[in-house]
Amino acid sequence: MVIGYNVETPCELDDLNVICCDGCDSNKASSQMERFPINYDAAEPQEIAVSKESPKTVATAPMDSPWPIICHDLHHTGRSLYSTASNPGTEKWRYKTNGWVFDTPVIDGDGIIYTGSFNRYFYAVYPDGTKKWRCKLGGDLSHSSPAIDENGTIYVGCWDRYLYAINPDGSLKWMFGTGATIGSSPAIAENGTIYFGTLWTGGKGGKIFAVNPDGTEKWRYQTGYAVSSSPAVADDGTIYIGSYDDYLYALYPNGTLRWRFKTGDNIIGSPSIADDGTIYIGSYDDYLYALYPNGTMKWKFYTEWGTSGNPSIAIDGTIYVGTDKLYAIYPDGTLRWSFDLGVDRHISFSSPAISADGTIYVGTTIDSLYGGEILAVNTDGTEKWRKLIANNWIYSSPSIAEDGTVYIGSSSDKMIDEGHIESVGYLHAFGPIDSNEPPGSPSIAGVTNGKPRREYYYRFSTIDPDKNPVSFYVDWGDGAIADWSGGGEGNYKMDECASGETVFIKHIYLIRGTYTIKAKARDGFGGESDWGTLEVSMPKNKAISTPFFSILENHPNLFPLLQQILRL
């Protein structure tokens with residue numbers, strides 16, 4: 001028995017147990033596939049073939065790719081093998097999804113990016129920002145980031161209480177039912193076992209699951225409350241995972257408890273493992289803990305706020321963790337530096353990604369603006385660059401591709417038709433480009449024959465050949481403009497949008513007449529389109545004499561009164 005600070009060993013845990021289910025068939029893939037068929041939406045519609053036979057058990061380790069699982073690797077270091085020294089921080093492209101993107105994009109050996117959305121869709125996107133395929137699952141995908149094994153199978157947890165195994169072509173391999181919502185990201189051990197946790201659904205949940213590569217249950221372990229933490233796996237096979245019951249758990253590969261360590265509050269985020277075996281975990285008690293492999297405390301560091309993200313570990317051992325600041329902490333628990341994020345900014349679920357050149361990337365949330373940024377920080381704690389990419393928040397963690405491109409998801413609310421707001425998400429790609437072509441001339445649609453002093457919505461869209469994000473400049477023809485720099489009518493700033501995305505902008509013409517709406521588009525690299533135009537008419541009322549209409553034009557405030565009199 002190991003006795004140490006806040007460490008509990010198995011003999012002290014009468015209220016916890018392990019349920020071993022080797023050989024049970026209640027979660028056979030075939031029966032689940034019949035109940036919840038996957039919906040496939042590729043570039044070309046096609047029938048999807050789903051096997052009715054249980055796949056054979058084949059041990060598969062994580063894929064050897066630039067970013068196969070959350071936080072890059074089984075130790076959750078967040079440390080890339082690739083440099084971003086030539087990454088200028090410009091946005092190459094953005095891909096619009098059907099809902100908020102909370103998870104971490106993962107990357108396979110061919111550079112394909114995989115991400116889910118909070119609207120049931122799961123996406124595979126080529127490195128140029130075009131869709132490979134998407135599939136619709138049985139529920140929303142929240143904080144469960146995908147994991148890819150060496151055969152290309154993608155595993156992801158869903159709010160419909162299932163873990164999905166998806167083939168590289170987007171077809172369903174199997175589903176594993178848990179009885180509780182999954183907000184934990186799966187980890188794939190070297191022997192192919194998939195580990196993840198479940199939330200507290202209807203008084204159930206709070207479990208840690210081990211699932212075989214064929215979709216059958218290996219074992220489950222009950223914690224005291226919900227588990228959103230994602231498991232880190234040590235070289236000796238020990239599984240480390242946190243719980244809302246305030247404990248960090250260390251489990252043997254057979255599902256029995258090795259030890260658990262009690263913090264002062266909920267553990268929301270995930271642990272990480274240093275090269276020397278030290279385990280780092282943040283807690284909502286406002287401390288970052290460093291633990292020896294035997295579960296005793298090495299040190300703790302006061303972070304001022306509770307941490308929801310993963311503490312990432314640089315090659316020199318520096319630990320990066322985000323709260324209301326980005327902290328850099330030496331391996332002995334002393335502060336190296338802290339980076340002030342700015343007014344009303346904090347790091348929520350986003351975990352730092354560290355490139356081979358040492359640049360740290362992380363997502364921030366801006367409370368006062370309801371927005372989110374991607375932030376790049378140098379190794380000395382100075383700002384490299386940042387960009388506002390969301391009008392809600394950034395919960396996604398960045399990932400880094402072999403060519404140094406940085407991917408991250410975002411969450412925004414956008415107007416999708418007249419007066420209707422919808423939650424949308426984006427997958428963003430930041431990095432250098434070889435060449436750039438300007439976007440095409442915008443198309444403009446909306447009311448062409450209306451009445452003055454009424455509010456009308458107009459739709460603007462364009463295609464950028466390079467899939468770059470675009471913004472619009474609109475000249476309404478009556479002296480008012482909507483400016484991409486934030487100037488113009490009502491100081492209205494034109495938000496960037498994805499190539500092909502429709503933007504709705506409202507306008508009111510005060511005076512009768514015929515106007516030409518002109519719009520042009522500009523991409524993130526300064527390329528500007530030709531003008532697109534639309535002629536609109538706010539016709540004169542023939543019952544009104546010309547002299548009287550001249551008076552009305554000079555005194556537009558008389559129009560509401562006249563409207564009541566004439567019932568126009």
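Is arginine 453 buried, partly exposed or exposed, and what is its relative accessible area? In this predicted model, arginine 453 is partly exposed, because its relative accessible area is 31%, a value that falls between the limits of 20% for buried and 50% for exposed.

**A sheet of four strands**

Four strands make up an open sheet, arranged in the order E23-E24-E25-E26, and their pairing is antiparallel. Strand E23 (272-273) and strand E26 (297-302) lie at the edges, where each pairs on one side only. In general, the strands of a sheet pair through backbone hydrogen bonds, and the pairing may be parallel or antiparallel.

Strand E24 (residues 279-283) and strand E25 (residues 287-291) run antiparallel and are joined by five bridges. In one of the bridge pairs, tyrosine 280 has alanine 290 in E25 as its partner. The loop between E24 and E25 contains aspartate 286.

**Two residues with positive phi**

Most residues other than glycine have a negative phi. Aspartate 286 has a positive phi, near 75°, and is not a glycine. Arginine 453 is likewise not a glycine, and its phi is positive at about 65°. The loop that holds arginine 453 runs between strand E39 (443-445) and strand E40 (455-461). Aspartate 286 counts as partly exposed because its relative accessible area is 21%, while buried would require a value under 20%.

| Residue | Phi | Loop between | Relative accessible area |
|---|---|---|---|
| Arginine 453 | about 65° | E39 and E40 | 31% |

Methods. Residues numbered from 1 in each chain as written. Predicted model: local features only at pLDDT ≥ 70, side-chain atom pairs only at ≥ 80, totals over all residues. Heavy atoms only, no water. Pairing = 2+ DSSP bridges. Helix = DSSP H or I, 4+ residues; strand = E, 2+ residues; numbered from the N terminus. Buried < 20%, exposed > 50% of the residue type's maximum accessible area, 1.4 Å probe, protein only.
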